[in-house]
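Please keep the structure open while reading.

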Amino acid sequence: QINLKCKDNKKCDLVFYGPGVERIAEEVKKKFPIKNQLIFSSDTMNKKNSQDILKKIVDNRIEILIGTQLISKGYHFPNLSCVGIIDADMTLKGGDLRASEKTYQALYQVAGRAGRENEKGTVVIQSYYPENETIQSLGDLNRNQFYENEINYRVSNFLPPSGRMAAIIVSGNNLEKVTHQCNYLYRAIPKISSLEIYGPAPAALSKLKGRHRQRFLVHDKKARNMQKIVNVWLSQSKTIPSVNISVDIDPYSFV
């Protein structure tokens, strides 16, 4: 869905947001009022209820299952023949360099729940970017094509495994001290050919558990020893004791 927010009838912002399983369950109930449905999420699949819920599904007493990504985590539903994926490609946005890989993996797992035994499976994907190569490869169930597209993109842009990357997160309870630490690091940035350093800039989660977070992103096109490069850089920078500096080499997540 798209939420349109307007301020003073002048400035309008488009905001994408997911409907959530509860909202989807409400809509499904309107369309199929006599069908037995169940929400499959971390809230409902607790230790007390999980075995009873799984037995109902296996015994075919649930006709419509509405779930989060939890539904793809190793569960086997023998009678499930149709899977619909809502907002399937929203994870392609947001600046995560591994977004395509993560999206393909998650959608492939969910799609694999359908038609696992006797009935032929059908998978319906709601997409904002149907021409995207990741979505196209998934539609064709062509893992080799996805791999070729992704590895060619990474090689041409010197991304891991062709290049190396590091995320440096500077965090602390005091924003002013965090900013000062970032300034110290910025002034000590190493001058190395084919090494690009971006930042400091607010991390995707700019405040977490009361701590302010700023990020540097390091990109080495020549795939050198990133650990050594970062260690030398940090050793040449002044540090503030109350501010934490964490390093993630070739990070899987960019939050």
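## A loop residue to start

Where is the place of Gln69? Gln69 sits in the loop between strand S4 (64–67) and strand S5 (82–85). Helices (H or I, at least four residues) and strands (E, at least two) are DSSP runs, numbered from the N terminus. Gln69 is partly exposed, with a relative accessible area of 48%. Buried means under 20% relative accessible area, exposed over 50%, and partly exposed in between (1.4 Å probe, protein chains only). The C-alpha atoms of Gln69 and Asp250 are separated by 25 Å, at 181 residues apart along the chain.

This is a predicted model: local features need pLDDT of at least 70, side-chain atom pairs count only at pLDDT 80 or more, and totals for chains, interfaces and linings use all residues. Residues are numbered from 1 along each chain as its sequence is written, and side-chain values use heavy atoms, with hydrogens and water left out.

## The second largest pocket

The second largest pocket has a volume of about 240 Å³. Its lining counts 13 residues, and Ser100, Asn132, Thr134, Glu150 and Tyr153 lie nearest the centre. Helix H3 (99–111), helix H4 (133–139) and helix H5 (143–156) each give two or more residues to this lining. H5 supplies the largest share, 4 residues. By class, the lining divides into 5 nonpolar, 4 polar and 4 charged.

The terms are as follows. On a 1 Å grid over the protein atoms alone, a cavity is a set of points where a 1.4 Å probe fits but cannot get out; a pocket is an open set with protein on both sides within 12 Å along at least five of seven lines; lining residues have an atom within 4 Å of a point. Grid points are joined across faces, edges and corners, and a volume is the space filled by probe spheres set on the points. Ala, Val, Leu, Ile, Met, Phe, Trp, Tyr, Cys and Pro count as nonpolar, Asp, Glu, Lys and Arg as charged, and the others, Gly among them, as polar.

H5 has 14 residues and reaches 20 Å between its end C-alpha atoms, close to the 20 Å expected. The expected span is 1.5 Å times one less than the number of residues. In H5, Phe146, Asn149, Glu150 and Arg154 are buried. They share a side of H5 because they cover an arc of only 125° around the axis, taken from the directions from the axis to the C-beta atoms. Asn144 and Tyr147, on the other side, are exposed. H3 and H4 are among the cover of the buried H5 residues, with contact meaning heavy atoms within 4.5 Å.

H3 buries Ala99, Ser100, Thr103, Tyr104, Ala106, Leu107, Val110 and Ala111. These pack against S5, strand S6 (122–125), H4 and H5. Gln105, also in H3, is partly exposed at 44%.

## The cavity

The structure holds 1 cavity of 30 Å³ or more. The largest cavity has a volume of about 70 Å³. Its lining includes Arg154, Pro160 and Asp250. The classes are 6 nonpolar, no polar and 3 charged.

Most residues other than glycine have a negative phi, and most peptide bonds are trans. Asp250 has a positive phi of about 45° and follows strand S10 (244–249). Ser194 has phi near 65°. A cis peptide bond joins Pro160 and Pro161, with omega about 10°. Another cis bond joins Gly199 and Pro200, with omega about 5°.
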